[in-house]
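Subject: Structure handover and notes

Hello,

Please find the structure below, with its sequence. My notes on it follow.

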Amino acid sequence: ISLQLLSHTFYTLNRKSNISAKTKNYHRQMTRSLIIQALIPNVTILLPISILICQFLTRLETAEFVPVMFIIIGTHSIAHSLTLILCTRNYRRAYILKVSI
């Protein structure tokens, strides 16, 4: 469903319509930003938990593996915040202004 929505969104943006090129470009940029922001929880939460579940079900016991997965899960909040700042132009500008002062 997600892939269908993404392809429809880009298809609609590529069609000739009555919105300006600047607006189309903005929508493309925001759609890409949303894709990246949606990947962060998948990589930092769903993937490690899925790996831990598979490890449990296969009864594979490695003591070093579990702490690494929890560290990755723990990076979710900072990764999400950084992604939001880096992907959104206004937030990025405000951050650069704050840091440069």
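Is Thr44 buried or exposed? With a relative accessible area of 6%, Thr44 is buried, because a residue counts as buried under 20%. Please keep in mind throughout that this is a predicted model.

Thr44 and its surroundings

Thr44 belongs to helix H2, which covers residues 21–57. Two polar neighbours of its side chain can be named. A polar atom of the Thr44 side chain is placed 2.7 Å from the backbone oxygen of Ile40. The side chain of His76 is the partner in a polar contact with the side chain of Thr44, at 3.0 Å. Setting aside residues up to four places away in sequence, Thr44 touches Ile72, Ile73, Thr75, His76 and Ala79.

Gln37 and Leu84

Gln37 is also a residue of helix H2. Its relative accessibility is 15%, so Gln37 counts as buried. If residues up to four places away in sequence are not counted, the residues that Gln37 touches are His80, Thr83, Leu84, Cys87 and Thr88.

One of these, Leu84, sits in helix H4, made up of residues 76–87. Leu84 has a relative accessible area of 28% and is therefore partly exposed. Apart from neighbours within four places in sequence, Leu84 is in contact with Gln37 and Tyr91. I also have a distance from Leu84 to Ile53: the two residues are 31 apart along the chain, and their C-alpha atoms are separated by 29 Å.

The surface of helix H2

Which residues form a nonpolar patch on the surface? They are Ile49, Ile53, Phe56 and Leu57, and together they have about 440 Å² of accessible area. Ile49, one of the patch residues, lies in helix H2 and is partly exposed, at 38% relative accessibility.

Leu39 is another residue found in helix H2. Its relative accessible area is 46%, which means that Leu39 is partly exposed. Between the C-alpha atoms of Leu39 and Gln55, which are 16 residues apart along the chain, the separation is 23 Å.

Arg59 has its place in the loop between H2 and helix H3, the latter being residues 65–74. Arg59 counts as exposed, with 68% relative accessibility. For comparison, most residues other than glycine have a negative phi.

What the record says

In an unreviewed entry, UniProt lists residues 34–53 and 65–88 under "transmembrane region".

If you want a place to start, select Thr44 and His76 and look at the polar contact between their side chains.

Regards

Notes
Residues numbered from 1 in each chain as written. Predicted model: local features only at pLDDT ≥ 70, side-chain atom pairs only at ≥ 80, totals over all residues. Heavy atoms only, no water. Helix = DSSP H or I, 4+ residues; strand = E, 2+ residues; numbered from the N terminus. Buried < 20%, exposed > 50% of the residue type's maximum accessible area, 1.4 Å probe, protein only. Polar contact = N/O pair within 3.5 Å; in protein donor to acceptor, adjacent residues only side chain to side chain. Contact = heavy atoms within 4.5 Å. Patch = residues over 30% accessible without salt bridge, like charges linked within 9 Å, V, L, I, M, F, W, Y side chains within 5 Å. Areas by Shrake-Rupley, 256 points an atom, 1.4 Å probe, with all protein chains shown as cover. Salt bridge = Lys/Arg side-chain N within 4 Å of Asp/Glu carboxyl O. UniProt positions renumbered as here; feature names shortened; annotations may be inferred.
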